[in-house]
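Dear colleague,

I am passing on a structure that you have not worked with before, and my notes on what was found in it follow directly below the view. Please read them with the structure open beside you.

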Amino acid sequence: MAHLLGGEALHLEYPTKVVFDSVSLGVNEGDRIGIVGRNGDGKSSLLGMLAGIREPDGGRVTVRGGVTVGVLDQQDTLDDDDTIGHAVVGDRAEHEWAGDARTRDVIAGLLGDLPWDARLGGLSGGQRRRVALARLLSGDWDVLFLDEPTNHLDVEAITWLAGHLKKRWAPNAGGLLVVTHDRWFLDEVCNTTWEVHDRIVEPFEGGYAAYILQRVERDRQAASIEQRRQNLARTELAWLRRGAPARTSKPKFRIDAANELIADVPEIRDKVALQSLAVARLGKDVVDLLDAGVTYGDHTVLRDVEWRIAPGERTGILGVNGAGKSTLLSLITGTLEPTTGRVKRGKTVKVATLTQRLDELEQHMDDPVRVVIAGLRTTYSFGSGSKAQELTPGQLLERLGFSSAQLSTPVKDLSGGQKRRLQLLLILLDQPNVLILDEPTNDLDTDMLAAMEDLLDSWSGTLIVVSHDRYFLERVTDQQFAILDARLRHLPGGVDEYLRLRAIQDAEPSRSTTTEAVASPGLQGADLRAAQKEASATERKIEKLQAQIDRAKAALADHDQADYVGLGKEMQRISEWESERDELEMRWFELTEAIG
């Protein structure tokens, strides 16, 4: 493959730290490279040197003659007085850019919901990010550098971007380098992974899943690599192989080798044990939203929400910005009362929220980390049965990536990711039994995300997650819901089903997504009547099964909590009913789509 650009013996250092020491690497036609590593190890610096916007302290970067380079960094350089249209296409005549299929695709994929003549000064941070990305993608580049391109993007925009980049940077068609902590995006887009660590850049073949496999193999052979990191990587690999069917169907790495590596790795979560402990802590009542709705003036944000949150439930919430996710969370926490219907909370419920703000840290900004945790409980219990553990706050901090030296650092001097992890620790040490995570992945690198997920695997409460990070959402939750047309809807098919429903909603905005109508019915006559009859019967079965599940969950609170065998059997039975319900719902979706 033709060489596009490269770096020779690159050296970079700060007054107190050498970042890179004699690093040499290259980018060829068809390379789609994902750059990963811990925060502060130099990922963005590497991107900047190769893109020509940062000078190395030693070595040189060479670019093949005629190669054009486009860069998206993390700085917002847009002019507040400019309009969306001018920022994206500049002074090009309308017939010129409107006749360009690529530009039309970019505008439709990223800016379809924004007014073309809107001032940039009136846009949110996420909207401005989409404008900057659209401006870059509308250009003609041989090599594209993207630094955290998925920041502030929702699940739909991230999915569109992945598809666009794969199509545009196909084999033998330019080069792509991307720094991101979005592991789904890395796995979906990249065919090579560079890990930045210990002053070097180590290449791996394939996307994120292949990188994890190769890293585990490397760590097994290197005795100097810390055991904790090995275990985290193996847990991550177990998830990739067992927990995400959509990924395991793709032969991105040697499956036999992967299976051998995780042969003795247990399931990610012991669901029966965790749910038993959750029932013991919470009883049968957590939070019930009963025909709840919220209206602001003439605007209905939520309507007819019927959701009985169960002990130990792990649920992800999806929805576009403004759909009502924050309103739903406020109903659960009790900071907002419904306009219609009611919300019922169990007497033992203790809700905590990891918000996008850092409220828990505000009063501690001048205190060293060790002082902040000194006044908290001396030990923290999590897990159950043989996996139950007692950890000190210091041990928890270590699991979340803090070094002993950082315990003396004032909170105000911590990085964004470190503050985020300390915030989570303070919340967990308060021992809530319902935990809400609102965009928890901000400022965290892939290793720290894996550490957070590992910690949550042993947390025995009810977990509700709102996140645009598809990998994290699928990793820590067992089911997903979406807010569509102001209603809460269960998604047996997960994120893929949500994207399909949103595509239908966008294509037919005047039609309700509950009907999933198509332009022309695929069935007619006797076939149509048979499908309608089966759909009605299936809907009745779903309602009956759901009522059965609700009764069984309520009965768990009255079960002898010491009878783990009996509890396990009951939970297994409930799990089988839930699987049957999900299959019926999928069949109902297929039928309604065919009926039209």
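In these notes a strand is a DSSP run of E with at least two residues, and strands are numbered from the N terminus. The model is a predicted one.

With that in mind, serine 22 lies in strand 2, which covers residues 17-28, and this serine has a positive phi of about 60° although it is not a glycine. Most residues other than glycine have a negative phi. Serine 22 is partly exposed, with a relative accessible area of 49%. A positive phi is also found at aspartate 198, where the value is near 50° in a residue other than glycine; aspartate 198 sits in the loop between strand 8 (192-197) and strand 9 (200-205). Because exposed means over 50% relative accessible area, aspartate 198 counts as exposed at 57%.

The other part of my notes concerns strand 17, residues 434-438, which is mostly covered, with five of its five residues buried. Both of its faces are covered, with Val434, Ile436 and Asp438 on one side and Leu435 and Leu437 on the other. Strand 17 pairs in the parallel sense with strand 14 (residues 351-354) over four bridges, and in this pairing leucine 437 of strand 17 is the bridge partner of leucine 354. Strand 17 also pairs in the parallel sense with strand 18 (residues 462-466), over five bridges, where aspartate 438 has valine 466 as its bridge partner. Together with helix 17 (residues 446-457), strand 17 and strand 18 make a right-handed β-α-β unit.

With best wishes

Key
Residues numbered from 1 in each chain as written. Predicted model: local features only at pLDDT ≥ 70, side-chain atom pairs only at ≥ 80, totals over all residues. Heavy atoms only, no water. Buried < 20%, exposed > 50% of the residue type's maximum accessible area, 1.4 Å probe, protein only. Pairing = 2+ DSSP bridges. Right-handed = clockwise from strand over helix to strand, strands pointing away.
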